[in-house]
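Q: Could you take me through a protein structure slowly, giving the general idea of each feature before its particular case?

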Amino acid sequence: MKKETVEKILTTNLRGWFGSLKKEQLDLLQEIRLRVNKPLIIRIDNKEYFLNQDKLVTSSKRAYIITEKDLKDTMEFISNYSLYAFEDELRNGYITVDGGHRVGLAGKVVVENNRVKTIKNITCINIRISHEIKGCANKVMPYIFQENRIYHTLIISPPRCGKTTLLRDIVRQLSDGVSDKTGITIGVVDERSEIGGCYRGIPQNDVGIRTDILDGCPKTEGMLMLIRSMSPEVIAVDEIGSSEDIEAIDFVINAGCKMICTVHGSSLVEVKNKPILEKLIDKNIIERFIVLESKNGVGDVKKIYDKQGKMISIVVDN
């Protein structure tokens, strides 16, 4: 992450403290957690740290304590002093800001007619830094795309292991073209604005020149909409898990479209044991399973399985 990015997200009072971080620490910064009357917490390369005014510390007692004014100023700054303009996003509990970074919110939830109307008195902010790592899919592409054939693929990963980052780069490469192959039309349903990181409808991340995105759209509806309207050759979605998702995937595949998606899980066996996903896997529809693990870094180990569940490769990033 560049210092310019910090300046777009944090108020003057807070942003200066990040100047003490080394470039490699900024590059690996994943989360910034602000909670009223609680210590400032950041996550770098899957490790939690506290931050005081000039350095990282390991004790919460030495950390800077976020004030109510810090939260208020940050929300006004992030929303460009027009929080009301993000009314729709507030209902979902997050807003996406310039650069594709997602700001999760918690506070007093206002409910009307059994539906969330908005969030007010915001007391907790979770800023998730969008990371775009072009080329992170290079080593898995030969297993997804062979001899002009794209395999239905499911990426399995625990949280914070880089499944969305990998999915984004797969989409980008298929869209732009792999090696000497012409790119293809991709449809992305980006329910939580994490793949494209759209800000005012424009993807902030590079998802390729032949990619159409439905931003903030429920996965199930979005997949059907793309099939009916945009003629994609591949549809990509993040974090499937409901029975409605599985029915929509069935529709997509029966329409002759290839499917690339992700799911939370630590292993192929664990995912197979989830009743809803079991239905999808038992149909032998998915042809490639990519399981992410962390050894020395985020998602640096990728085990690839075929449709029978036989491991066909282990890819280890340097």
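Q: Is Asp-250 buried, partly exposed or exposed?

A: Some ground rules come before the answer: this is a predicted model, in which local features need pLDDT of at least 70 and side-chain atom pairs count only at pLDDT 80 or more, while totals for chains, interfaces and linings use all residues. Residues are numbered from 1 along each chain as its sequence is written, and side-chain values use heavy atoms, with hydrogens and water left out. Burial is read from relative accessible area, where buried means under 20%, exposed means over 50% and partly exposed lies in between, using a 1.4 Å probe and protein chains only. With a relative accessible area of 19%, Asp-250 is buried.

Q: With which residue does Asp-250 form a salt bridge?

A: A salt bridge here is a side-chain nitrogen of Lys or Arg within 4 Å of a carboxyl oxygen of Asp or Glu. Asp-250 forms one with Lys-283, and their closest N and O atoms are 2.5 Å apart. Helices (H or I, at least four residues) and strands (E, at least two) are DSSP runs numbered from the N terminus. Asp-250 lies in helix α9 (residues 243–254) and Lys-283 in the loop between α11 and β15, so the pair ties together parts that are 33 residues apart in sequence. Lys-283 itself is partly exposed, with a relative accessible area of 44%.

Q: How many salt bridges are there by this rule, and which residues are joined into one network?

A: The count comes to 19. Salt bridges that share partners join Arg-102, Arg-128, Lys-163, Arg-192, Glu-194 and Glu-239 into one network.

Q: How far apart in the helix are Arg-91 and Asp-88?

A: Arg-91 and Asp-88 are three residues apart in helix α5 (residues 87–92), which means a separation of about one helical turn. Their side chains meet in a salt bridge, at 2.4 Å from N to O, and Arg-91 counts as partly exposed at 35% relative accessibility.

Q: Which side chain of opposite charge is nearest to Arg-288?

A: For charge, Lys and Arg count as positive and Asp and Glu as negative, whereas His and the chain ends are not counted. Arg-288, placed in strand β15 (residues 288–293), is buried yet has no salt bridge, and the nearest side chain of opposite charge, that of Asp-306, is 5.8 Å away. Contact is judged by heavy atoms within 4.5 Å; leaving aside neighbours within four places in sequence, the residues in contact with Arg-288 include Tyr-143, His-152, Ile-304 and Asp-306.

Q: What should I notice about the phi of Asp-45?

A: Most residues other than glycine have a negative phi. Asp-45, although not a glycine, has a positive phi of about 50 degrees, and Asp-45 is found in the loop between β2 (41–44) and β3 (47–51). Asn-284 likewise has a positive phi, near 55 degrees, and sits in the loop between α11 (275–282) and β15.

Q: How many helices and strands does the chain have, and how compact is the chain?

A: The secondary structure comes to eleven helices and 17 strands. The radius of gyration is taken over C-alpha atoms, and the globule rule is 2.2 Å times the number of residues to the power 0.38. For this chain the radius is 20 Å, close to the 20 Å that the rule gives for 318 residues, so the chain is as compact as a globular protein of that length. Buried residues make up 48% of the 318 residues.
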